[in-house]
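Here are my notes on the fold, as numbered points. Please read them with the model open.

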Amino acid sequence: MYKLLIVEDEEIIRWGLRNEIKWEEIGFEVIGEAENGKVAFDLITRLAPDAILLDIKMPLMNGIEFMSRVNSINPKIKIVILSGYDKFEYAKQSIEYGVFSYLLKPTKEDEIKEVFCKLKKELDHINSSIRELEILRKKANTISLIKKEGISEDKQDNIPDDIIDEKNNSNGADPLIQKVKEYMNKHYNERITLELLSNIVYMNPAYFSVYFKQKTGLNYTEYITIMRIEKAKELLGNKSLKVYEIANMVGYDDFRYFSRIFKKITGINPQRFRSLLK
């Protein structure tokens, strides 16, 4: 059962959302409700909801500001918007904050049920991916420990999990992240998508994106970009190569775009960088 927080400033609508919909039948439990964003934000740390049903126009703290704050402390929380305003700007900002769905008032009960049934499937998929990840992590950590410590085959099944975690955490290497990095290192000049990388480690793309950032401090596009620019810096030492050829070799078809990215990361353009090499 997933935990749901309802945030709506109109009491009668809030009551209806909580009591007229049979939440448990679609896999959710209403753990709290709030009449404005400020109260709701205070409830998040205490109640730790998996999902929030949110009215975008509220007093004290509106839905946009609320989403921004929620996203900064826990981007894993899924948000479904209720809005009486069919405005492009609201929808655009909702997309930027990763909102799961955007519903216009007056909203039919069946519409809400349909959205939350889909949301439950996504949460189930994410949690399944997390469990699979833990299994893979344990297996990878066990193999790593066996190789490092030279543990005999007859003793391999008796290694405590806490010993495996302690040994591998001390190495500071996450085997799944290493696998993704190795792929990027070999294919940095090709088109690399979030879906492709997440498939390599059998993760849900949304979860993989968060997991990669947690482990590396960068999102996957930032990491690939830095890797490509580092490769370009190496190639710029070869004076027989044209700069536009180097751009293409590291995965950029547009030379001007490559130059802008190069300058953004290094502070100077590729030609200037080359001129400073001995």
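1. S3 (residues 51-55) and strand S4 (residues 78-83) pair in the parallel sense over 5 bridges. Two strands count as paired if DSSP finds at least two bridges between them. Ala51 has Lys78 as its bridge partner in S4. For Leu54, the partner in S4 is Ile81. Strands (E, at least two residues) and helices (H or I, at least four) are DSSP runs, numbered from the N terminus.

2. This is a predicted model: local features need pLDDT of at least 70, side-chain atom pairs count only at pLDDT 80 or more, and totals for chains, interfaces and linings use all residues. Residues are numbered from 1 along each chain as its sequence is written, and side-chain values use heavy atoms, with hydrogens and water left out.

3. S3 also pairs with strand S1 (residues 2-7), in the parallel sense, over 4 bridges. Here Leu4 has Ala51 of S3 as its bridge partner. The open sheet has 5 strands in the order S2-S1-S3-S4-S5, with parallel pairing. Strand S2 (28-34) and strand S5 (101-104) are the edges, each pairing on one side only. Neighbouring strands are turned by 20° against each other on average, direction ignored.

4. Is S3 covered on one face or both? Both. Ala51, Leu53 and Asp55 are buried on one side, Ile52 and Leu54 on the other. Buried means under 20% relative accessible area (1.4 Å probe, protein chains only); over 50% is exposed, and in between is partly exposed.

5. S3, helix H3 (residues 63-73) and S4 make a right-handed β-α-β unit. Right-handed means that, with the strands pointing away from the viewer, the path from the first strand over the helix to the second runs clockwise. H3 lies across S3 and S4, at about 160° to S3. Axes are lines fitted to C-alpha atoms, for helices over the stretch in contact; angles run from 0 to 180 degrees between N-to-C directions.

6. The largest nonpolar core has 33 residues. Such a core is a set of buried Ala, Val, Leu, Ile, Met, Phe, Trp, Tyr and Cys residues joined through side-chain atoms within 4.5 Å. Met184, Leu197, Phe208, Phe212 and Phe258 touch the most other members. H10 (220-235) is among the helices that supply at least two residues. Its share, 6 residues, is the largest.

7. H7 and H9 pack at about 95°, axes 11 Å apart. They are therefore roughly perpendicular, a class covering 65 to 115 degrees. Ile177, Val180, Lys181 and Met184 in H7 meet Phe208, Tyr211, Phe212, Lys215 and Thr216 in H9. Contact means heavy atoms within 4.5 Å.

Methods
Parallel < 35°, antiparallel > 145°, perpendicular 65-115°, else oblique.
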